[in-house]
Amino acid sequence: MATVLVIEDDPTTRQLIRAIIEDRGHEVWEASNGVEGMMLSRLLLPDLVITDIVMPVKDGLATIVDLQETFGGSEVIALSVHPDKLEMALRLGARDVFLKPFSPQELGEAVKEVLRF
């Protein structure tokens with residue numbers, strides 16, 4: 001079982017992602033912005049972070065940068081309605097990206113691939 005941190009400001013989307021991850025037997029923690037996400041990352045050392053890009057307080061791009069600087073090589077999947085921001089997320093170190101709305105099955109497969117179990 002892996003530990004997955006979901007950073008998403010929309011509660012409905014956060015719950016959908018939680019269900020996808022828990023259905024695969026993993027532990028899920030939630031944050032509503034990048035500041036909360038980084039605090040939890042330091043405590044949990046998650047195996048995977050799934051983050052939205054556009055969020056209040058601290059966006060997903062800044063969070064990806066902080067994750068890479070703090071943990072070096074963190075596994076990140078980024079989500080956004082903005083294709084250009086997803087391109088930037090990949091350049092900053094995200095392992096995979098999904099345009100919202102995303103397919104739950106495709107996200108689940110990406111999680112499986114990143115976690116390799």
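## Burial and the basis of the model

A residue counts as buried when its relative accessible area is under 20%, as exposed when over 50%, and as partly exposed in between (1.4 Å probe, protein chains only). This is a predicted model, in which local features need pLDDT of at least 70 and side-chain atom pairs count only at pLDDT 80 or more, while totals for chains, interfaces and linings use all residues. Residues are numbered from 1 along each chain as its sequence is written, and side-chain values use heavy atoms, with hydrogens and water left out.

## Thr63 in helix H3

Thr63 belongs to helix H3; helices (H or I, at least four residues) and strands (E, at least two) are DSSP runs, numbered from the N terminus. Thr63 is buried, its relative accessible area being 0%. Apart from neighbours within four places in sequence, Thr63 contacts (heavy atoms within 4.5 Å) Ile7, Gly34, Met38 and Lys58.

## Packing of H2 against H3

The axes of H2 (residues 34-44) and H3 (residues 60-71) come within 10 Å and cross at roughly 20 degrees. H2 is therefore roughly parallel to H3, a term for angles under 35 degrees. These axes are lines fitted to C-alpha atoms over the stretch in contact, with angles from 0 to 180 degrees between N-to-C directions.

From H2, Gly34, Met38, Ser41 and Arg42 meet Thr63, Asp66, Leu67, Thr70 and Phe71 of H3.

Ser74 lies in the loop between H3 and strand E4 (76-80) and is buried, with a relative accessible area of 16%. Beyond neighbours within four places in sequence, Ser74 contacts Leu67, Gln68 and Gly93. The Ser74 side chain reaches the backbone oxygen of Leu67 at 3.5 Å.

Methods:
Angles under 35 degrees count as roughly parallel, over 145 as roughly antiparallel, 65 to 115 as roughly perpendicular and the rest as oblique. A polar contact is a pair of N or O atoms within 3.5 Å; within protein, one must be able to donate a hydrogen and the other to accept it, and residues adjacent in sequence count only if both atoms are side-chain atoms.
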